[in-house]
Amino acid sequence: DFLCISLANGFTQLRYNLGDKTIILQALQKVHANGNTWHVLKAGRAGNEGYLDLDGINVTQKASPGMNVLDTHTDFFVGGVSSLNLVNSMAIENEPIGFTGCIREIVINDRELKLTVTDPKGGANVGDCDGTVCGYSVCKNSGTCQVENSGFSCSCPQEWTGTTCEQSVHCSQNMCGSQALCIPQPSSFSYTCVCALGWSGKYCDSKIKFYIAKFVGNSYIKYTDSYYGKRDLQYSRISLNFTTNQTEGLIAWMGKSEDEDNDFLAIGIANGTLKVVVNLGERISVPLMHRKYFNCCDERWHFVTVVQNQTCIKVYLDEELILFEDIDPQRKYTALNYGGICYFGGFEIGRKVNVVTTGLFQKEFIGKIKDVVLFQDSKKIQLMNAEGYNVYDGNSGN
């Protein structure tokens, strides 16, 4: 498998192969080779349907039946490769040669790659293209950079302040606690404080403890399983109690959630009923839905357990076996390589549930979770001893 963006005869090309055939997309217009014109290139794929957008002019490739996952476990190369024989002969039109020119602002799956001396894993023969201390993104939020004798200065739009225009003016005098995030509210010329795990109050200055975690919608807990290295990942298990009055929400996600290749086991509410999805590698299993009508959003406590025995998945709800399915009788992948990461209620601030789960779940969880047990552990996990925001004590009024 590969995905490659290249210049061929003055045109940008996207070529990718997901394991069955090579797809080729070429921009409609030539690239300016005068050395002083910046081009904006957006390229990628959704499943096996590809798109290539150069300066706003878009070319797409309609999907035909076939494989739809990019299965690569190599380094990501920019501008060239460490050895030309790494390049698949179908990945480019002509003989492979390194790129000559300037590249900036590379964003992959909504994450920007830092093109600095220290951040990449390695490289060779790369210089500074801008030639000044300003660069393209020194000043954030549309600030204007000026070169000064002592370095640079930023001229900021009126909504932003700070040396690099990184801070909202609404948060410049905020009273949020040291562990909190300040979220600007421009419409009301104010701000709100988002509290870290273990804190509450308007300014997140009240220390709290909880055994029942209350999620309010823009909430999440990220728990790292310290026993991950000792787990038998062919026999995974998670159980917990939850209560909610919502018809949609992600309750738990065992997996790193960094890209579509990551294994995961997910539990949530969809259309008011329980939904479980398991991906052991290469493909997402058909979501397992509770067939019978069941009202998950009745504000009662419900006990759910999901057991993975290689490719056999069992789901228990309130002690009753409600789902039992072999998601891959071929036994191609049998282990849940979840990376020791478990999310509860949602993902990090700014990461939308419907985007991260590619539509499997629509919203963050609103409700309460307690008594989470992983595998056959004798103790419940301590949700307090994790990373998270906007999670409160659910003991009051349960």
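**Domains and aromatic contacts in a predicted model**

The chain comprises domain 1 (2-112), domain 2 (180-208) and domain 3 (213-393), with bounds from an automatic or database domain assignment. This is a predicted model, in which local features need pLDDT of at least 70 and side-chain atom pairs count only at pLDDT 80 or more, while totals for chains, interfaces and linings use all residues. Residues are numbered from 1 along each chain as its sequence is written, and side-chain values use heavy atoms, with hydrogens and water left out.

Colleague: How are the rings of Trp253 and Phe264 arranged?

Modeller: Rings of Phe, Tyr and Trp (its six-membered ring) pair if their centres lie within 6.5 Å; planes under 30 degrees apart count as stacked, over 60 as edge-to-face and the rest as tilted. The structure holds seven aromatic pairs. For Trp253 and Phe264 the centres are 4.1 Å apart and the planes at 20 degrees, so the pair is stacked.

Colleague: Are Trp253 and Phe347 buried or exposed?

Modeller: Trp253 and Phe347 form an edge-to-face pair, 5.7 Å centre to centre with 75 degrees between the planes. Buried means under 20% relative accessible area, exposed over 50% and partly exposed in between (1.4 Å probe, protein chains only). By that criterion, both Trp253 and Phe347 are buried.

Colleague: Which residue lies over the face of Trp38?

Modeller: A charge sits over a ring if NZ of Lys or CZ of Arg is within 6 Å of the ring centre and within 35 degrees of the ring normal. At 3.9 Å from the ring centre of Trp38, the residue over its face is Arg104.
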